[in-house]
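Below are a few exercises, each with a solution worked out step by step.

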Amino acid sequence: MSLFSVPEAREELAGLRPVLAEVVELRADAAELAASLQEGGRPTDLGGLPEFKAAQARLDDLLSTVQATGAELKGFAPLLVDFPAELDGVPVLLCWLEGDEGLDWYHRADLGFAGRRRLP
C-alpha cells in the first residue's frame, strides 16, 4: 500500500472531483430508478431497468477509478474517501467526506471516522 503526503492526497482529490461529482449524480439516478422498479416496474423519466443497469455499471467503473488511485472508498452515501498516509510516524487516513470543501481532516487508522480531527 502506497502512502500519500498531504499535498499528494490533495492533488489526487482535485483530480477525482469530476469523478466524484458524477458518482453523486448517478447515485441519485440509480436510487430513483431502483425505487420505480420496486413500485411495480414503472419507468420514470430516467428510464427503466436498462437505464438502472447502465447506471450501476457506470458507478462500478467510477468507483474502480477512485480505488485505482490508491484512495480507499469507505462510504457511498455520503461518499467517504480516505487516503493512506503517515503523520509524525503514525499511520493515518486523510479523510474527505462528501460536502467537505477540501482535504482538511484525518483520523488514525486504528480509530476510524470517530477519531476524525482537523489536519494541523
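Before starting, one term: buried means under 20% relative accessible area, exposed means over 50%, and partly exposed is in between (1.4 Å probe, protein chains only). This is a predicted model, so local features need pLDDT of at least 70 and side-chain atom pairs count only at pLDDT 80 or more, while totals for chains, interfaces and linings use all residues. Residues are numbered from 1 along each chain as its sequence is written, and side-chain values use heavy atoms, with hydrogens and water left out.

**Exercise 1. Find where alanine 9 sits and say what it touches.**

Step 1: Alanine 9 is in helix H1; helices (H or I, at least four residues) and strands (E, at least two) are DSSP runs, numbered from the N terminus.

Step 2: check accessibility. Alanine 9 comes out at 0%, so it counts as buried.

Step 3: list the neighbours. Contact means heavy atoms within 4.5 Å. Leaving out residues up to four places away in sequence, alanine 9 touches Phe4, Phe83, Leu94 and Leu103.

**Exercise 2. Describe the largest nonpolar core.**

Step 1: A nonpolar core is a set of buried Ala, Val, Leu, Ile, Met, Phe, Trp, Tyr and Cys residues joined through side-chain atoms within 4.5 Å.

Step 2: The largest one has 28 residues, and Leu20, Val66, Val81, Phe83, Leu94, Trp96 and Leu103 have the most contacts inside it.

Step 3: see who contributes. H1, helix H2 (49-68), strand S2 (79-87) and S3 each give two or more residues to this core. H1 supplies the largest share, nine residues.

**Exercise 3. Work out which face of H2 is buried.**

Step 1: pick out the buried residues of H2. They are Phe52, Ala55, Leu59, Leu62, Leu63 and Val66.

Step 2: The face of H2 turned away from its buried side carries the exposed residues Pro50, Lys53 and Ala68.

Step 3: ask what does the covering. H1, strand S1 (72-76) and S2 are among what covers the buried residues of H2.

**Exercise 4. Trace the salt bridges.**

Step 1: apply the cut-off. A salt bridge is a side-chain nitrogen of Lys or Arg within 4 Å of a carboxyl oxygen of Asp or Glu. The structure holds seven of them.

Step 2: take glutamate 98 and arginine 27. Their closest N and O atoms are 2.8 Å apart. Glutamate 98 lies in the loop between strand S3 (90-97) and strand S4 (105-108) and arginine 27 in helix H1 (residues 6-38), so the pair ties together parts 71 residues apart in sequence. Glutamate 98 is partly exposed at 26%, whereas arginine 27 is buried at 15%.

Step 3: move to arginine 116 and aspartate 100. This salt bridge has its closest N and O atoms 2.5 Å apart, and both residues are buried.

Note on methods. The arc is that of the directions from the helix axis to the C-beta atoms.
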